[in-house]
Amino acid sequence: MTTKYRKQFSNALAQHEVRNNTENVINKLRKHRLAAFPDQAEWVNLRRHSTAIRVNAISKLPQLLEQLEINLQRNGIQVHWADTTEQANQTVLNIMRFHDARFVIKGKSMVSEEMGLNDFLNTHGIECLESDLGELIIQLAAEKPSHMIVPALHKNRKQIARLFHRQFPSIPYTEDISALAQAARRFLRHHFATAPVGLTGVNFMIAETGTLCLVENEGNGRMCSTAPPVHIAVSGIEKVVECLDDVPPLLGILTRSATGQPITTYVNMISSPRKPNEKDGPTAVHLILLDNGRSRIYSDPELRDTLNCIRCGACMNHCPIYKHIGGHAYQTVIPGPIGTILEPQKNGLDSYGELTQASTLCGACQEVCPVSIPIPKIINRLRWEHIRKNSYSTSGAGSGRRKTEAIIWKIWVWNCIHPGAYNRITSVATSMRRLTDRILAKISPWTTARAVPRLPDTTLHERLKALEIDNE
Amino acid sequence: MIKTESRMDFTRASAGPKPDTVYLFGTCLIDLLYPQAGVSAVHLFEREGVNVIFPQTQTCCGQPAWNSGYRDEALAVARAQLKLFPRPIPIIVPSASCAGMIKVHYPALFKDEPDEASVFDVVNRVYELTEFLTDILKVNLTDLGEPTTVAVHSSCTARREMNVADRIDSLLDQLQNVTRIEPDNAEECCGFGGTFAIKQPEISTAMVLEKAKAIENTGAQQLIGQDCGCLMNIGGALKKQDSQISHVHIAEFLWDRTHKAKP
């Protein structure tokens with residue numbers, strides 16, 4: 001049966017240029033990460049510490065969010081809660097309208113991707129401009145990000161050069177990376193200076209102090225959050241941490257896991273709007289806290305670990321599936337292993353359950369995860385919910401159950417719990433191996449790339465019986 | 001490569017006295033497709049003075065159903081295996097994948113079941129074959145074979161679930177005439193993944209072709225592994241491409257090179 005996703009994956013596998021671009025970038029990111037953790041013991045300790053910080057924060061999620069809201073408000077930051085992406089979008093729109101703003105300049109934010117914010121604002125006559133270089137490339141190409149950290153990693157330099165030349169005809173064609181970056185910089189500068197509203201994501205929200213922490217490398221995040229008179233930050237509710245002391249270890253492991261950097265070029269600690277005696281900074285700062293299914297994930301003790309994620313992207317950089325199919329094939333906001341567990345939980349197993357099949361459970365993702373998310377275990381759990389007869393905690397549970405598959409498993413069980421039958425069947429299969437080989441040759445998905453496995457003339461059971469090996 | 005942080009504490013009394021009898025859990029894949037790997041394991045143990053019990057009523061560990069989300073089905077099959085190993089002696093599994101199923105996943109599978117407690121008795125006695133040969137039997141191997149080169153593929157479960165991937169290397173390194181070559185991207189999955197190869201054959205194919213190429217590039221004469229699923233997958237791809245590289249399970253390779261054929 002060729003399903004929606006299998007077709008999508010096949011198409012992705014046929015895109016050789018995208019595959020090469022993706023592989024080139026993630027190979028570099030793997031090398032950088034490896035070089036960033038030269039000391040195994042330090043990695044183990046830092047990871048343990050970071051995991052503990054995230055587990056602690058998520059375990060106290062409701063209390064920390066309340067504390068966060070109180071402290072943010074005390075600092076003069078306005079807090080808005082959104083159950084759904086529709087509510088979050090509407091809140092952004094209301095703020096824009098309140099300030100009579102028709103243009104917003106954006107820093108990189110996966111939550112705004114989750115909201116589909118740009119499309120929403122466009123339909124309401126508001127123009128959005130992405131200022132992160134990767135996001136700008138994606139916006140100019142009218143595509144979606146293919147990676148959490150490196151949104152345009154599926155494009156190579158030549159493709160970007162052609163794109164820029166089309167979009168900025170006044171700039172001469174160049175494949176020089178710094179010239180391309182300069183072109184984007186010049187284009188953006190004017191908009192930073194004139195935009196009435198800047199919008200960014202958030203990396204950590206500190207409950208104890210009411211501070212928003214935002215890391216970035218291009219300075220565009222700082223521009224978006226300081227130059228325009230209004231700053232709107234959007235964040236998932238899970239980004240909260242308990243105290244300021246929790247931030248340095250998380251920052252250190254986040255940037256090293258993501259790009260191998262000891263720290264990003266810019267670390268922004270946003271603690272309030274402009275104060276009366278200050279000369280710069282936005283006069284209003286808003287934080288929109290988006291739930292969109294996260295509370296439901298929180299309510300299950302096993303699935304809850306999904307929320308520990310600090311969005312470093314290491315799992316996708318090390319995933320052989322992601323390497324081959326690229327980010328777009330997932331058809332989700334967040335691709336890769338973390339997307340494989342997060343998106344079906346947020347959007348339902350009925351539409352995204354098949355994604356859980358896109359894993360060999362090889363464990364490479366969990367091995368590099370800075371906060372030890374047991375991704376293979378959660379994939380296994382979601383596969384179970386996908387085919388379960390009675391619905392369970394995730395929406396769309398049971399939607400993947402197929403009668404024929406269930407019957408095949410029933411037969412398999414019967415065979416495996418009746419050793420007499422099992423031994424007769426395996427014995428017949430091997431003794432009639434000429435025939436079985438021919439049947440096996442017909443299993444086309446296996447044999448398109450592989451020779452048919454040759455059955456031996458007798459089974460292990462038979463051989464060890466012949467050698468008179470003890471039976472009990 | 002950054003080494004795995006162990007999910008479980010595997011630091012058993014790693015020495016302990018050498019057992020005089022062990023159980024062999026042969027695995028269904030070896031039973032049906034690679035029986036000589038199981039026979040070779042028995043020979044290797046017997047040469048060390050270890051008697052082998054092979055319960056003839058064993059079938060499958062239940063992993064295919066467990067990984068597919070069919071937990072009730074996996075439980076029924078796993079339960080049928082549990083009672084086959086009553087004596088307090090080690091259970092040796094010539095596959096890291098099946099050993100990992102029992103050791104790592106049985107406790108989750110049997111959670112809150114009436115026989116939950118009995119699972120741990122079995123779980124704590126499970127060893128993957130290369131782990132048992134090195135850590136418990138501490139075998140000393142004498143190579144009787146001609147000079148050869150081999151490429152090793154350690155399974156993902158050997159690397160990241162059982163944490164025993166280095167054992168196959170140290171066993172091979174005992175063989176004087178064997179040169180071991182590590183393929184590129186050795187730590188990356190071969191694309192087998194059990195039912196994954198059937199459910200997502202296109203991605204699986206892309207993965208195994210890349211893996212087969214890396215093995216081919218080593219120029220080795222044989223591909224050695226501790227898991228027959230990976231061997232069947234990569235070996236099948238090599239054979240389809242008319243590669244000269246044959247594949248063989250570590251137990252069979254070790255036995256073939258270290259015993260004198262009877263005249």
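1. Let's start with Phe204(A): is this residue buried or exposed? In this predicted model, Phe204(A) has 24 C-beta neighbours inside 10 Å, so it counts as buried; the cut-off for that label is 20 or more. You'll find Phe204(A) in strand E5 of chain A, which covers residues 204–206.

2. Staying with Phe204(A), have a look at who surrounds it. Leaving out residues up to four places away in sequence, Phe204(A) touches Cys213(A), Lys239(A), Val241(A), Val247(A) and Leu250(A). As for Lys410(A), it sits 206 residues from Phe204(A) along the chain, and 48 Å separate the C-alpha atoms of the two.

3. Now for the place where the chains meet. On the chain B side, 59 residues are in contact with 56 residues of chain A. Which helix gives the largest share of that chain B side? Helix H11 of chain B (residues 201–218) does, with 8 residues. Sorted by class, the chain B side that touches chain A has 31 nonpolar, 16 polar and 12 charged residues.

4. Chain B itself comes in two parts: domain 1 spans 21–136 and domain 2 spans 148–258. Taken over C-alpha atoms, the centres of these two domains of chain B are 22 Å apart. Where they meet, 28 residues of domain 1 are in contact with 23 residues of domain 2.

5. Zoom in on the domain 1 side of that contact within chain B. The elements giving two or more residues to it are helices H1 (28–32), H2 (35–47), H3 (63–67), H5 (96–109) and H7 (129–136) of chain B. By class, this side of domain 1 of chain B has 14 nonpolar, 11 polar and 3 charged residues.

6. Next, a sheet in chain B. A quick reminder: strands of a sheet pair through backbone hydrogen bonds, either parallel or antiparallel. This one is an open sheet of 4 strands in the order E2-E1-E3-E4, and the pairing is parallel. Which strands sit at the edges? Strand E2 (51–53) and strand E4 (126–128) of chain B do, each pairing on one side only. From one strand to the next, the twist averages 35°.

7. Let's look at the E4 end of that sheet. Strand E3 (residues 91–93) of chain B runs parallel to E4(B), and 3 bridges join them. To find one, go to Ile91(B): its bridge partner in E4(B) is Val126(B). Helix H5(B) packs on the sheet, where it touches E3 and E4 of chain B, and the helix direction makes about 155° with that of E4(B). Helix H7(B) also lies across E3 and E4 of chain B, running at about 95° to E4(B).

8. Strand E5 (residues 148–153) and strand E7 (residues 222–225) of chain B run parallel, with 4 bridges joining them. E7(B) also pairs in the parallel sense with strand E8 (residues 246–249) of chain B, over 4 bridges. A handy landmark is Ile224(B) in E7(B): Val152(B) stands opposite it, and Val248(B) is its bridge partner in E8(B). What does the chain pass through on its way from E7(B) to E8(B)? It goes through helix H12 (residues 228–240) of chain B, and this β-α-β crossover is right-handed.

Notes
Residues are numbered from 1 along each chain as its sequence is written. Chains are lettered from A and ligands numbered from 1 in the order in which they are written. This is a predicted model: local features need pLDDT of at least 70, side-chain atom pairs count only at pLDDT 80 or more; totals for chains, interfaces and linings use all residues. Two strands pair if DSSP finds at least two bridges between them. A crossover is right-handed if, with the strands pointing away from the viewer, the path from the first strand over the helix to the second runs clockwise. Two residues are in contact if their C-beta atoms, placed from the backbone, lie within 7 Å. Ala, Val, Leu, Ile, Met, Phe, Trp, Tyr, Cys and Pro count as nonpolar, Asp, Glu, Lys and Arg as charged, and the others, Gly among them, as polar. Domain bounds come from an automatic or database domain assignment. A residue is buried if 20 or more other C-beta atoms lie within 10 Å of its own, exposed if 12 or fewer, and partly exposed in between; C-beta atoms are placed from the backbone. Axes are lines fitted to C-alpha atoms, for helices over the stretch in contact, and angles run from 0 to 180 degrees between N-to-C directions.
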